[in-house]
Amino acid sequence: MEKPGNKQGESHGVHHVTPLSVYNRVFGMLVLLTVLTVASSYMDFGNANILIAMVIATIKALLVILFFMGLKYEGMENNVTFFCSFLFLAIFVGLSSGDIFFRKDTQPAVVDASDLPPSTELVDVPRLIKSTPEQIAHGKVIFTQNCITCHGGAGKGDGPAAIALTPRPRNLTSNEGWKFGRGVATMFHTV
């Protein structure tokens, strides 16, 4: 019951009825490709193993999309839209793969831990409460090595990594929001 001037399958009031024999043939192909997938999993094709599996999976997916989902009988605009989504997916995967597999090795930030006290020592909190020029200098070194990236140079929670963190880094210059209080001992407990 095709309207004059319409190609078979266009979605202008024309409905396509796929014969059962087509579904049976497609189902047979899917079963055959599944058997082929299982059989190929027992063989070693070297580096081509993943390629073979992906080709078989792609053929199976295309059969399902074309016949069971009816894309073969859709209008051209729907087909273009559908396949363009795969094109954009391929571009995304290609760019991501290029970044992952071809990125030059970056050196991690080097932290000089020689200025830090050994972790097995007990900390003398009363001695730390008394501010000395040596402690301030030592604190600046530790802050620069460990805290400045998130808390920022002035301690306002505006470091370069702060934007990616939830919750945001604490503004150390503010008196508000300290979970255990702002005393030296409680700050040590927090850290």
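Leaving aside its neighbours within four places in sequence, which residues is Ser-40 in contact with? In this predicted model, the contacts of Ser-40 are with Phe-45, Ile-52 and Ile-56. Ser-40 itself lies in helix H1. With a relative accessibility of 15%, Ser-40 falls under the 20% limit for a buried residue and therefore counts as buried.

The overall fold gives the setting for this residue. The protein contains 7 helices and 0 strands, and its pattern along the sequence reads α-α-α-α-α-α-α. Of its 191 residues, 14% are buried.

H1 is made of 22 residues, and the distance from its first C-alpha to its last is 32 Å. That span is close to the 32 Å expected at 1.5 Å a residue. Besides Ser-40, the buried residues of H1 are Val-22, Val-26, Leu-30 and Leu-33. Viewed down the axis of H1, the buried residues fall within an arc of 95°, so they line one face of the helix. An α-helix has 3.6 residues a turn, so residues three or four places apart point the same way. On the other side of H1, the exposed residues are Leu-20, Phe-27, Leu-32 and Val-35.

What lies over the buried residues of H1? The cover includes H2. One view of this comes from Leu-33, which, not counting residues up to four places away in sequence, touches Ile-56, Ile-59, Lys-60 and Leu-63. Ile-56 is also among the contacts of Ser-40.

The largest nonpolar core of the protein has 8 residues in all. Its members are Val-22, Val-26, Leu-30, Leu-33, Ile-56, Leu-63, Phe-67 and Tyr-73. Helix H1, spanning 20-41, and helix H2, spanning 49-68, each supply at least two residues of this core. The largest share, 4 residues, comes from H1. Ile-56 and Leu-63, both members of the core, are among the residues that Leu-33 touches.

Another core member, Tyr-73, leads to the segment before H1, where Thr-18 is found. Not counting residues up to four places away in sequence, Thr-18 touches Tyr-23 and Tyr-73. Is Thr-18 buried or exposed? At 13% relative accessibility, Thr-18 is buried, since buried means under 20% relative accessible area.

The cysteines can be taken last. The structure holds 0 disulfides. Cys-147 is in no disulfide, and the nearest cysteine sulfur, that of Cys-150, is 8.4 Å away. A disulfide requires a pair of cysteine sulfur atoms within 2.5 Å. Cys-147 is partly exposed, having a relative accessible area of 25%. Cys-84, at 30% relative accessibility, also counts as partly exposed.

Notes:
Residues are numbered from 1 along each chain as its sequence is written. This is a predicted model: local features need pLDDT of at least 70, side-chain atom pairs count only at pLDDT 80 or more; totals for chains, interfaces and linings use all residues. Side-chain values use heavy atoms; hydrogens and water are left out. Buried means under 20% relative accessible area, exposed over 50%, partly exposed in between (1.4 Å probe, protein chains only). A nonpolar core is a set of buried Ala, Val, Leu, Ile, Met, Phe, Trp, Tyr and Cys residues joined through side-chain atoms within 4.5 Å. Contact means heavy atoms within 4.5 Å. The expected span of a helix is 1.5 Å times one less than its number of residues. The arc is that of the directions from the helix axis to the C-beta atoms.
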